[in-house]
Amino acid sequence: MTVNFPQLRAFVAVVDAGGFGAAADELGLSQSAVSHAVASLERELSGPLLVRAGQVRTTALGERVLPYARSALSAVRGVEEVAADAAGTLTGTVRLAATPTVCQGLLPDLTAHWRESCPRVTVRVFEGDSAEIAGWLENGTADAAVLVDPPPGPGVRLAVDGYRALLPRDHPLAAEPVVDVRDLEDDDFLISPGGCEERVRALHDLAELRFAPAQRVRDLATLISMVQAGIGVTVLSEVSRPLLPPDLVLVPVVPRAARRLVLSGPRGRAWHPAVRALAESAVGLLAEGALAGR
C-alpha cells in the first residue's frame, strides 16, 4: 500500500470544502486532478471514502480515515514550517477559525496587519460557531482560532467584547446612554443561535427576565436587516459595530456582560511557527491600539 501526501490533501480538502470543485479552487488544481487523487487513494485503501451522489460526504471508511489524514497533513505542515523557521524564511498557510462576528468585525484589521508583518504566511479563514471552532482546533482542521472565553492557557487576548442593544436609530431608547435589558421587552426580541444566544440568555438570567425570543435567525446579516426593518431588536457584541448600517445604533445594556476574544493555537501540543508569528504580530498591533473592537 502506497498512500501519499497529495492523495490525503485532496481527500481532506474535498471534505472541508464540501465538493470537488471547491476543493480544486482551494488547492489551485483542476477538478479532475483532485478527483484522480481521491480515486487513487480509494484504490489504495480498497474502498470508497466519499459518497459522490448529491452533497459530497464521507462513507463509514472515510469517516474512520479522516482524523488520521488530518494528523498526517498537520505533521507534514509542521515539518515544513519548522524547517522554514530554522532557515529564517517563515512561510506557510495558517487555517484560522472564528465566529461570524469576529470574522467580519475583527479579522479584517488583523489580516491586513498580518499581510504586512508576515507577508509569506497565508491566512485562510474558516467561519463557524464557538463549539465548531473549538472542535476544529482540537482535531487539526484549524491551526489557530479566535476562541470565546477559553479556559486559562496560552494565547493573545485580542479584545474584551461587551454586549450592546441593537436598535433602529429612531427607536425611543436609541439616544439613551444605557438601556436596561428589561426595557427591551416592549419589542419583539430577535436572536442568532450559537454562542451569542448562550451569553444573551445569561444576561437575561442576571436580570431575572424570561428569555423568550420571537425569532431565531442564524445569519448575522439577516438579523441586522430585520432590526433595520423594524421587525424587532436584539443584543450583539461590540465587535459587530463595523458591520452596521448608519440607521442602526449599539447602546450599552445592563446588566453588563462581556466576552474575551483570544487568539490561540491548539492546546496540549506545540503551535506551528507561523501561528506563533501571527500571535506575536497581533501583540504588536494591540500595543499600538490599532485593532478595531479592542
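The model is predicted. The protein comprises 294 residues, of which 48% are buried, and its secondary structure consists of 10 helices and 12 strands. The structure holds 10 salt bridges, and salt bridges with shared partners connect Asp149, Arg199 and Arg260 in one network.

**Overall build**

- Along the principal axes, the C-alpha atoms occupy a box of roughly 70 × 45 × 30 Å.
- The accessible surface of the protein amounts to about 14,200 Å², and carbon and sulfur atoms contribute 52% of that surface.
- Among the contacts with a separation of 6 or more, 72% are between residues 24 or more positions apart.

- Side chains of opposite charge can pair when their charged atoms come close.
- Asp149 and Arg199 form a salt bridge through their side chains, with an N to O distance of 3.3 Å. Asp149 lies in the loop between strand E5 (144–148) and strand E6 (156–168), and Arg199 lies in helix H8 (residues 195–206), so this pair ties together parts that are 50 residues apart in sequence.
- A salt bridge also joins Asp149 to Arg260, where the closest N and O atoms are 3.9 Å apart. This second pair links distant parts of the chain, because Asp149 belongs to the loop between E5 and E6 while Arg260 belongs to strand E12, and the two residues are 111 residues apart.
- Asp149 is partly exposed, at a relative accessible area of 31%. Arg260 is likewise partly exposed, at 32% relative accessibility. Arg199 is classed as buried because its relative accessible area of 18% is under the 20% limit.

**The pair Asp180 and Arg182**

- The side chains of Asp180 and Arg182 also meet in a salt bridge, with an N to O distance of 2.8 Å.
- Asp180 has a relative accessible area of 21% and is partly exposed. Arg182, with a relative accessible area of 38%, is partly exposed as well.

**Negative patch on the surface**

- Four residues, Glu176, Asp183, Glu185 and Asp186, gather on the surface in a patch of negative charge.
- Asp186 counts as exposed because its relative accessibility is 75%, and the exposed class begins over 50%.

- Pro266 occupies the loop between strand E12 (258–264) and helix H10 (273–288).
- Pro266 counts as buried because its relative accessibility is 8%.
- Not counting residues up to four places away in sequence, Pro266 touches Leu137, Asp143 and Trp271.
- Pro266 and Ala75 are 191 residues apart along the chain, and 13 Å separates their C-alpha atoms.

Terms used:
Residues are numbered from 1 along each chain as its sequence is written. This is a predicted model: local features need pLDDT of at least 70, side-chain atom pairs count only at pLDDT 80 or more; totals for chains, interfaces and linings use all residues. Side-chain values use heavy atoms; hydrogens and water are left out. Patches are made of residues with over 30% relative accessible area and no salt bridge: like charges are joined within 9 Å, nonpolar side chains (Val, Leu, Ile, Met, Phe, Trp, Tyr) within 5 Å. Accessible areas come from the Shrake-Rupley method with a 1.4 Å probe; for residues, only the protein chains shown count as cover. Lys and Arg count as positive and Asp and Glu as negative; His and the chain ends are not counted. The place of a charge is taken as NZ of Lys, CZ of Arg, CG of Asp or CD of Glu. Buried means under 20% relative accessible area, exposed over 50%, partly exposed in between (1.4 Å probe, protein chains only). Helices (H or I, at least four residues) and strands (E, at least two) are DSSP runs, numbered from the N terminus. Contact means heavy atoms within 4.5 Å.
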